[in-house]
Amino acid sequence: MADKQWWIVPIWWMWIQIMGLAALPLAYRFFRRLPDRGYTFARPLGLLLSSYVLWLGASLGLLRNSLGGALWSLAVVAGVSIMFYRRRRIERGSVDLNQTEPGLGRWLRTHKSLVLTVELLFAGAFILWSILRAYSPELTTTGGEKFMEIMVLNSIGRSEYFPPHDAWLSGYAISYYYFGYVMIAMLTRLSGFPAHLTFHVGVALLFALTCTGAFGLVYNLVKGSEAQGQQRTRRPVSWVFLGAILVAVMGNLEGFLEVLYSARWLPEAFWRWLDILELNEPFNPSLPPSLMPARSSWWWWRASRVINDLDPLGNSMGIQPIDEFPGFSFLLGDMHPHVLALPFVLLALALALNALLEGMEQAGETRPPGGWLRSIRELPWLIPLCLGALGFLNTWDFPIYWLIFLAAYGVGRWAWYRQMTRSLVWDVGLTGGAIAVLGVTLYAPFYLGFQSQAGGLLPTLYVGTRFRQYFVMFGPFLVALVGFLIVLALRLGPQPSGRRLVQSWVSWFCLFLLVPLALMGLIVLALVLTPQGRELLDGIRHIPAVYEIVGDQPWGAVLGRLLLVKLRTWVMPVVVAAMAAMGVALVPMVVSPSVTSDEESRPSSQWTGGERTSLCFALLCAAAGLLLTLSVEFFYLVDNFRVRMNTIFKFYFQAWVLMALASAFAVYWLSRDRAQVGNGWQRWLRRAFLGGFWLLFAMGMVYPVLGHISRAGNFDHAPTLDGTAYLAESQPDDYAAIAWLNAHVEGAPIILEAPGTGGSSYVYEGRVSALTGLPTLLGWAGHEGQWRGNYEVQGAREPDIETIYRTLDPLAAQALLDKYGVTYVYVGPLERSQYDPRGLEKFRTFMDIVYQQGNVTIYKTRK
C-alpha cells in the first residue's frame, strides 16, 4: 500500500479535471463577462454541483451514496452544462446577439497562455502541498481537529443515504455543516482509496483550488482594468500570482517576530509592550540566540493567537481569540469547514464581480436592468445554489458573501437608476430576498435537522483589539490599501475640492462609527428589557476589572466609560477612518456617468469602464474586510464559550481573504505607469507605500518558509500520505484491529468503545469510531455538546457506558447493549487501562469473539 498510495495524487487530479470539464461549458456561458470566462472557477463549480446532486439525491432517497451515485451525479452535471451551453448559443444566434462571440473551443485556442498558466499553477500547488502534508500526516488528537474530521469523512463513507450518521453519537445524524466533507468523501469514493490515505490529498486539493480561485479573481480585475492599447508595466499574469500568494501562502508578521525574539535583537521591554502571549515572557537563558525559533517545534501555532484580549484593568483574559488565516490553516493541515469553504467563497466573489460587470454593461440601456429575476433568467438557480452552499459549508460565510454580492449588484445598477433610489432599493431588496430564500430552500434537508450552539448577538463591552497586534495580523494589507486610497484620492484631481473631500470623509467616518454604536446600544437595550438580559449585564458589571471602573453607575454612563476604554486600543478609530476613506473613493466611481464616446470631455470620468469596475470591486472587498474586523469591536456571536473568540476566528479569516485580494490589485494598480500622479513628493509617496508593502510582504513570507520546515520536522524522515501510520508504532494493537474492522465489517453497525466523557475533546477516546466510521454510543462528548447546543443525550449515556464496562452482571450489561442496539464491543488497551478486568471478562459469557490480537478483543452479539 505504501508504494500505491502516491497514485492517489494523479487519480484525484484526474477526477477533479473531469469535474472541471463537466462544468466548463456552463461556466463559460454564465461568466461570459469575466475576462477568463470562468475558466479558473470551473473546477470548484463542477465539484460543488456534482456533490450537490449526490447529496440532494441521497437526502431524498433517490440516489445511493455509492460509486454509482457519484458517477450519475457527475453525468447529470455534464449533461446540464452542455445543454445550457448549446441553448445559450442557439438563443444568441436566433436573436442576432453577439454573433462574434467565440465558441468554447475557439476561446481555449486563443487563450492558450492563460489556460496553460492556470493548469500549471493548479498542478504545481496540488503536488507541492501533497508532498508537504506527507511530511506531517498524523491524524492525531492534539493540535487540531483531524480526529473529528476523519470521523465525519468515514461516517459519510459508511452512510447509504443522507444525512449521514454521527459516528460519535449512535442513532443520531451529524449536526454540523458537513457539505465540504461530502465533496471530499465523493472524491475519496471515486478514487478507490480509504479516507485515511486521501485526507491530506484533500487538503492539497483545497489549497490548489484556493490558489487558482485567487489567481482568477485578481486576473479578472487586472485584465479588466487595462484598456486596449494602454501602456502596462507588466503582463497581467505576472501580477496575479501575488493574489494566490497573499490569500493562501503568506503569513502574518508573527513568524518574522519569532525570528527577532529568538535572535534577541530587540529588548525585552519591546516584547512586553507588544504583549503577544509567550513572546512577552523573559528570554530563556538556557537557549542560545538563533535565527530559527527554538522554544518549541510548534512555535508557528502562536501566529493564530496574536490577539491578546485584556480586561479593562489591563489583565490578560483566560480564553484568547483565534485569529487564523489561510496560510496557517494549510500549514496546520486541518480539514475544517472554514478551509473546506475557501474555494467556494472565491467562487461567490466571482459571482459578485460578474453581477457588477453585468450592471455596468447595462448602464447605457434605455430600459431598466430588470433585476436578478430577469438578468439571470436563463439560469435562476445557480447564484442561490452557489451562495446557499456557503451556509452548508461554513454557515456564517453565507450572510457575509450574500451581502457582498448584493453590494456589487447594487453598485453595478446604480448608474442606470441614478435618481430612482427607491427603484434601486426595491431591485436590490427583491434580489437579496430571492437569493436568501432560495439559498436556504435548496438546502432545506440540511437545515431541517441542524442544531447549533449559536445563541444570538451580545455587545463587546469591555474588550478591544490593540492596534499593534492588529497590525501584526494585517500589516501588509493595511499599508497597501492606505497607499491605494491616498493615490486614488490624488487621482480625483480638483473635482471635488479638498474641502469637499474632507467633508465627505467626516460624513463617512460618523456613519461607520455611529451605526455600529447604535447597533451595540440596541443590543444592550434589548438585554435591559428582559430579566435574563439584565442578569447577564449585571454579571458583566460585577466582573472585578469592570466594576472597579464603572461601579454602580447607570448603564448609560457605564457604556460611555467602557467605550473610552475601547478607544484607547486605536483599532476602532483607525479602521473607521480607513473605511471612511474608501467611501470617499468609491462614491465618485459609482455615481460617475457610464463610459461614452465623449467621456474625455467630462472631468468627472477619469477611468475607463473596465478600470472603474475593477476599482469598485477592489474597494468593496477592502471595505468588507475592514468592516468584518471592525464589527468584532462592537458585538460577538454567542456560543458555548461566551466570549468573542470564535467570532474573531470566523470574521478575521474572511477579512484576510478579502483584504488580500484587494491588496493584490492595489499593488498592481500602484505599480502601473498611470498611477504615478503629480511630481516630486507625490511620486515618492507612492514609492514609499510600495516599498513598505514589499518589505512587510517579505516579513510575512518568513512564516510559511520557517513554519513548514518546523512542521515537517526538518524533512528528516520519509513522507507518507497514511494518516494512521503513526499508530502502527504507538498503538500497534489498535492499528491492526481498526484495519480489520475496515476490511471485514460492512454497513454501519454500532460498536461500543471507551468514550471521551465529562465534556472532553482532543483525546484518544473515540479512536475506533473515528477511524472506521462505525457509530459508537459516545465519542468526543465536548464536540457533541458544541454541535447540538446541549449535553442531555451525552450526559444520559455516560453512566450507561460505565455500567456496561464495569458491571459484573452479564444480564445488566446485555440489557443496556440491547437498549442501544450495540453489535460489537471493543476492548483494547484504552479500555483495559480504565475499567476493571473482571468487568471486561464478562463479555465472553454472552458474546462471540470475532477478533483477538495482542491487547485487543472484539466481541459480537450472538444472533
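User: Why are H2 and H16 called roughly perpendicular to each other?

Analyst: In this predicted model, the axes of helix H2 (residues 42–59) and H16 cross at roughly 75° and come within 11 Å. Angles of 65 to 115 degrees count as roughly perpendicular, and H2 and H16 are therefore described in that way.

User: What makes the contact of H2 with H16 nonpolar, polar or charged by class?

Analyst: On the H2 side the contact is made by Leu45, Leu48, Leu49, Tyr52 and Trp55, and on the H16 side by Leu382, Leu385, Cys386, Ala389 and Phe392. Tyr, Trp and Cys count as nonpolar, together with Leu, Ala and Phe, and the contact has 10 nonpolar residues, with no polar and no charged ones.

User: How do you know how H16 and H17 pack, and which residues make the contact?

Analyst: Two packed helices are described by the angle between their axes and the distance between the axes. For helix H16 (residues 382–393) and helix H17 (residues 397–417), the angle is about 145° and the axes are 6 Å apart. H16 brings Ile383, Leu387, Gly388, Leu390 and Gly391 to the contact, while H17 brings Asp397, Phe398, Tyr401 and Phe405. With Gly counted as polar and Asp as charged, the residues of this contact divide into six nonpolar, two polar and one charged.

User: Why do S3 and S5 count as strands at the edges of their sheet?

Analyst: The open sheet is formed by four strands in the order S3-S4-S6-S5, with mixed pairing. Strand S3 (750–752) and strand S5 (847–853) each have a single partner strand, so one side of each is left without a neighbour in the sheet. Neighbouring strands here are turned against each other by 25° on average, direction ignored.

User: How do you know that S4 and S6 pair, and what lies across the sheet strands?

Analyst: Pairing needs at least two bridges between two strands, and strand S4 (residues 822–827) is joined to strand S6 (residues 856–861) by four, the two strands running antiparallel. Opposite tyrosine 826 stands isoleucine 858 in S6. Helix H34 (residues 810–820) lies across S3, S4 and S5, and runs at about 125° to S4.

User: What makes up the lining of the largest pocket, by residue and by class?

Analyst: The largest pocket has a volume of about 1,200 Å³. Of its 41 lining residues, Leu403, Ala407, Phe512, Met579 and Leu627 are the closest to the centre. Elements that give two or more residues to this lining include H17, helix H18 (421–441) and strand S2 (635–637). By class, the lining divides into 37 nonpolar, four polar and no charged residues.

Key
Residues are numbered from 1 along each chain as its sequence is written. This is a predicted model: local features need pLDDT of at least 70, side-chain atom pairs count only at pLDDT 80 or more; totals for chains, interfaces and linings use all residues. Side-chain values use heavy atoms; hydrogens and water are left out. Axes are lines fitted to C-alpha atoms, for helices over the stretch in contact, and angles run from 0 to 180 degrees between N-to-C directions. Contact means heavy atoms within 4.5 Å. Angles under 35 degrees count as roughly parallel, over 145 as roughly antiparallel, 65 to 115 as roughly perpendicular and the rest as oblique. On a 1 Å grid over the protein atoms alone, a cavity is a set of points where a 1.4 Å probe fits but cannot get out, and a pocket is an open set with protein on both sides within 12 Å along at least five of seven lines; lining residues have an atom within 4 Å of a point. Grid points are joined across faces, edges and corners, and a volume is the space filled by probe spheres set on the points.
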